[in-house]
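Q: Could you walk me through this one, with the cut-offs spelled out as we go?

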Amino acid sequence: MDFFGSDFVIEQTFTVLNKMGLHARPAAMLVRILQKFESHVRIRKDDQEVDAKSIMGILTLTAEFGSKLTVLADGADEHQVIESLTDFFNTQVHEE
Amino acid sequence: MNTELDPKVFKGISASPGIAIGRAFVLEDMDLAVGRWQVPPEAVKAEVSRFRQAVADTRKEMLTTQQKILKLLGKTHARLIEAYILILEDPLIAKDVVKNISQNRVNAEYALSEAIAGAVKALESATDEYFRERRHDVLDVGRKILLHLLGHEPQSLDDLKEPSVIVARNLTPSDTIHMQTKFAEGFATDIGGRTSHTAILANSMGIPAVVGLHDISRHVRPGDMLIVDGHTGTVVINPSPDLVDNYRRERDIRLAEKRDLEGLRDQPAQSTDGRRLTLAANIDSPTEMKGVLSNGAEGVGLLRTEFLYLNRAALPTEEDHLQFYTRVAQSVLPYPVIIRTVDIGGDKLVDLGFAHLSKSEPNPFLGLRGIRLSLKHHELFRTQLRAILRASAVGKVKVMFPMVSGLEEFRAGRKILAECMEELRRENKPFDEKMEVGLMIEVPSAALVVDHLAQEADFMSVGTNDLIQYTLAVDRVNDEVAHLYEPLHPAILRLLSQTVKAAHAAGKWVGMCGEMASDLDVTPILLGLEFDELSVSAGLVPKVKKMIRDLSFTDCQALAQEVLKDPTRDNVQRLLRQFQKR
């Protein structure tokens, strides 16, 4: 996916607090949340970067408990994307 | 033509005795290895829409399944299919496959298989077991789309049109449910054990089966000549004519033995010194019904009802249940049938075709199954109980609850049963007011408080598979620990003895309907422990009966006392061997 106007990409790093990692159910929730937005969103873990709207992509990150994930959002609603993801990552500990 | 080929010999686990000689029917395991071809530029658009159509059809199918699960098992479970739908909508499929088709002008099947293979490869390298296992979900979705692309159903056992030996990677109830049993001469499968569905089905049909053959399904081609030797667990592909002759002779000898056993059909299961047992049959599905009386079983000791929930678009109605129960109850008269309320959960959920469901619970064997599921989903339970009660008006029907762990659950089940009785009285629908209500002893806690349970239950039946695996904490399908799955473990023998004693002290009868009941080596112990009833696959009834008829109850009682004192399973095995050699 191309990132147009990369100077407008916003970035934020989150930590996976779910004990079982970002497994199927939370990963599915994450994709569902992002599907509502127009922005291109990518997630980076270490040197791997995937399309955040792709469940297979997210699963291949194998984001275990404690992993640091950097979200890169680019598009008209990029700020809402980061807001929603902040909510998501802050409440994830309750989702087993 | 096949006789010119080198014979190949495979060793597996013998799952059902007998010798089958015949042509192979190979049930294909779908794989994603598909051909690649170039699409002409003018056809690219059509190829893309063909792909989109297949995805849309797959999605429709998944939504139907989701509705089915929602009705059957509730919201939590249904949510899990969401993950499948998300994979389907994944940009890697929805966008990248389309891009691959348009840019490289390749066929949709190939573009799809590349995308799937890429994701699978990435997941395979994960160090975490959980993430590595997710590749099966991705593959599943890939297969489903591929089937729609190819526009055909996978080959199934419904296509079996002539007598054949069935070769498959694995057989599940959903594979065999519509199979014309008269065409199945034997089974040979890559995976499975002595207690797998294949083994149980083959035994009840009285046909040979060898399982655990690793990769035989890849070596056999449709129409190959096969020998399946269920006695030794051997399968020969393309045997020499001499070998076929040898096996034919052996088969004839065995068939003669079988005819001798058939002579016992109308004889009682009684020891040489007059101890009489009830010998009944276990039934998994309607196809096995005809074997009950023809093998000389005195009724049905375990009617499993899970199959009623398989391969259908909606939940079974009260009438669906009633029709089946009535048919069984009437066909075994004057003998009784014991209907076990549904035990879906654990491995059976996977058999239901909803493989992902089991993943909802980190430990499904300790999760929502058996009476627990019934008590949680009252509607499901009531429908079944009402039908069982109504069937009791036309035959000798008893009911039992699976997976009871203590008195509270048994009481809760009975309370709902009493409510159903009250409803039926109001509706003027007849039923047997004195219908016996029992339970399975398969959870160790139930075996430990069996004296309390025996006060309230009319009867008890020991389900050995679960009792053993829960007591010994051994998953019998896990190769690493399967050797610890030991029916003769002193702890198991103690629980069995305790169960029989408690039942008899309360004046109740007690049976066994697990695999252990059909193990001829163990029959002397079960007789000696004073079980009142044994229920085994219909095909095994004559053998168990012959065994009982050759035994002295007094000797068996002495043997039982001796093994109960023994501290190790090795000693128990030795005592048993000595006993057999007498």
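A: First the conventions: residues are numbered from 1 along each chain as its sequence is written, and chains are lettered from A in the order in which they are written. This is a predicted model, where local features need pLDDT of at least 70, side-chain atom pairs count only at pLDDT 80 or more, and totals for chains, interfaces and linings use all residues, while side-chain values use heavy atoms, with hydrogens and water left out.

Q: How much area do chain A and chain B bury between them?
A: About 1,800 Å², of which 69% is on carbon and sulfur atoms; buried area is the accessible area (1.4 Å probe) that two parts lose on being put together, summed over both. In chain A, the residues that lose the most area to chain B are A:Arg25, A:Arg32 and A:Met56, together 34% of what that side buries.

Q: And which side chains meet in a salt bridge there?
A: Those of A:Arg32 and B:Glu89, at 3.2 Å from N to O, and the count between the two chains is 1. The rule asks for a side-chain nitrogen of Lys or Arg within 4 Å of a carboxyl oxygen of Asp or Glu.

Q: Switching topic, which residues touch the most other members in the largest nonpolar core?
A: B:Met460, B:Leu496, B:Phe531 and B:Leu534, in a core of 97 residues. Such a core is a set of buried Ala, Val, Leu, Ile, Met, Phe, Trp, Tyr and Cys residues joined through side-chain atoms within 4.5 Å, where buried means under 20% relative accessible area, exposed over 50% and partly exposed in between (1.4 Å probe, protein chains only). Apart from it lies another core, of 63 residues, including A:Ala52 and B:Ile85.

Q: Which residues of helix α4 of chain B are buried?
A: B:Val97, B:Val98, B:Asn100 and B:Ile101, within residues 96-104. They lie on the same side of α4(B), because they cover an arc of only 160° around the axis, taken from the directions from the helix axis to the C-beta atoms. Helices (H or I, at least four residues) and strands (E, at least two) are DSSP runs, numbered from the N terminus.

Q: Last one: is A:Thr70 buried or exposed?
A: A:Thr70 is buried, with a relative accessible area of 13%, and its place is in strand β4 (residues 68-74) of chain A. Leaving aside neighbours within four places in sequence, A:Thr70 is in contact (heavy atoms within 4.5 Å) with residues including A:Glu11, A:Thr13 and A:Ile43.
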